[in-house]
Amino acid sequence: MADLPTTRPAVPVRRTRASRFSVLLERTVDYTAYGPTFLQHLPRFDSLRDAETELASVLHDAAFLQPPTGLADSIAAENVALAVDWFVGALSQLFDNAEPFQNPGFLQLCCMFFAAPLYEHNARLVQRHLVKRAYSELNVSGATYDGSLWLLLALLHLATEFQPDTYVLCKDSGLFPLLQRLVVRGAERNLHVLAMSLMFEIAQAVALAPADVACVTDDTLLYLLDYIERMRYAESDVYNNTGTKLVLALNEQFLRLAAHAPPPPVTTSASSGGGGGREGRRERQMRQHRLL
């Protein structure tokens with residue numbers, strides 16, 4: 001009987017257009033510490049066309065042409081995570097924190113991403129990696145966020161078009177309080193609007209847990225109202241409208257929790273006219289008798 005391999009099997013790659021990503025897949029990658037080293041392999045693109053060609057070879061790599069099955073699931077998850085990070089890293093270089101949904105080139109590459117075999121055959125793995133990485137980059141102690149965070153939030157927005165349960169996964173993963181913290185920390189404007197928009201979509205789609213609603217304090221609401229006022233004359237209505245919609249969605253969540261909250265306990269006194277105890281019951285019976 002032949003010995004079982006001790007390393008992960010080689011992943012077949014396309015030979016027609018080998019990308020640097022394919023070269024990475026042919027090697028054993030330390031997925032717990034590949035981040036800084038991985039970024040060194042990212043290509044520098046001279047034009048959007050060059051980026052589109054390189055990224056298309058990643059998204060259509062042979063590793064993603066078939067859905068993962070059986071023992072290949074763990075390897076597939078690693079490869080998918082690597083491909084998504086490769087895509088996010090490349091776009092963060094190309095657009096450099098630009099306004100995402102107002103850039104045709106950005107939307108063009110995102111359409112290519114969601115139409116490619118990487119997403120078509122591994123949608124759940126892509127979704128979970130986006131949420132996991134967004135949580136990791138939001139859950140920082142300081143007020144400085146990674147430059148690719150806006151891209152992760154933008155891709156999460158787009159993923160909800162194909163996977164509506166992304167909102168539930170975001171809520172269950174604890175993203176809502178972290179998004180709220182990002183907003184009140186005064187992050188860059190594009191991060192502001194993406195975080196508020198994602199908060200609005202989550203609050204509109206799912207019932208928030210009491211702990212999620214509790215993170216929205218009076219100071220948070222005052223900050224949002226002040227933000228709406230400051231953005232009144234912004235060049236794009238998206239900033240003002242997003243803040244307004246978020247406040248309304250949060251109000252709905254407050255009302256929902258209030259409606260389902262248990263009623264406060266009623267304390268009665270035997271000496272009061274409508275109190276409890278034997279005398280209280282006797283007085284109520286006498287009043288009912290008089291009404292009859």
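Predicted model: local features only at pLDDT ≥ 70, side-chain atom pairs only at ≥ 80, totals over all residues.
What percentage of the contacts in the protein chain between residues at least 6 apart in sequence join residues at least 24 apart? The share is 73%.

1. Overall make-up. The protein chain contains 15 helices and zero strands. It has 292 residues, of which 43% count as buried. The figure of 73% given above refers to contacts that join residues at least 24 apart, taken among contacts between residues at least 6 apart in sequence.

2. Helices H3 and H5. Two packed helices are described by the angle between their axes and the distance between the axes. Helix H3 covers residues 48-59 and helix H5 covers residues 104-115; their axes come within 10 Å and cross at roughly 15 degrees. Because angles under 35 degrees count as roughly parallel, H3 is roughly parallel to H5. The crossing in which H3 passes H5 is right-handed. On the H3 side the contact is made by Leu48, Glu52, Leu55, Ala56 and Leu59, and on the H5 side by Gly105, Gln108, Leu109, Met112 and Phe113. Sorted by class, the contact of H3 with H5 comprises seven nonpolar, two polar and one charged residues.

3. Helices H7 and H10. Helix H7 spans residues 123-138, and helix H10 spans residues 175-184. The two pack at an angle of about 45 degrees, and their axes are 10 Å apart. H7 and H10 are therefore oblique to each other, and their crossing is left-handed. H7 contributes Val131, Ala134, Tyr135 and Leu138 to the contact, while H10 contributes Leu175, Leu178, Leu179, Arg181 and Leu182. The contact of H7 with H10 divides into eight nonpolar, no polar and one charged residues.

4. Helices H10 and H13. H10 also packs with helix H13 (residues 218-230), at an angle of about 55 degrees and with the axes 10 Å apart. This pair of helices, H10 and H13, is therefore oblique as well. H10 passes H13 in a left-handed crossing. The residues in contact are Gln180, Val183 and Val184 of H10 together with Thr220, Tyr223 and Leu224 of H13.

5. The aromatic pair of Phe106 and Trp150. A pair of aromatic rings is described by the distance of the centres and the angle of the planes. The structure holds eight aromatic pairs. One of them is formed by Phe106 and Trp150, whose rings are 5.6 Å apart centre to centre, with 40 degrees between the planes; the pair is tilted. Phe106 lies in helix H5 and Trp150 in helix H8 (residues 149-162), so the pair ties together parts that are 44 residues apart in sequence. Phe106 and Trp150 are both buried.

6. Phe113 and Tyr119 form an aromatic pair that is tilted, at 6.4 Å centre to centre and 45 degrees between the planes. Phe113 has a relative accessible area of 0% and is therefore buried. Tyr119 is buried too, with a relative accessible area of 5%. Both residues belong to one aromatic cluster, formed by Phe87, Phe113, Phe114, Tyr119 and Phe162. Phe113 also takes part in the contact of H3 with H5.

7. Asn122. This residue lies in the loop between helix H6 (117-120) and H7. Is Asn122 buried or exposed? Its relative accessibility is 4%, so Asn122 counts as buried. Not counting residues up to four places away in sequence, Asn122 touches Phe64, Pro68, Val80 and Pro117.

8. Gly142. This residue is placed in the loop between helices H7 and H8. Gly142 has a relative accessibility of 35% and therefore counts as partly exposed. The C-alpha atom of Gly142 is separated by 9.7 Å from that of Arg185, and the two residues are 43 residues apart along the chain.

Methods: Residues numbered from 1 in each chain as written. Heavy atoms only, no water. Axes fitted to C-alpha atoms, helices over the stretch in contact; angles between N-to-C directions. Helix = DSSP H or I, 4+ residues; strand = E, 2+ residues; numbered from the N terminus. Parallel < 35°, antiparallel > 145°, perpendicular 65-115°, else oblique. Left-handed = near helix turned anticlockwise from the far one by under 90°. Contact = heavy atoms within 4.5 Å. Nonpolar A, V, L, I, M, F, W, Y, C, P; charged D, E, K, R; others polar. Phe/Tyr/Trp six-rings, centres within 6.5 Å; stacked < 30°, edge-to-face > 60°. Buried < 20%, exposed > 50% of the residue type's maximum accessible area, 1.4 Å probe, protein only.
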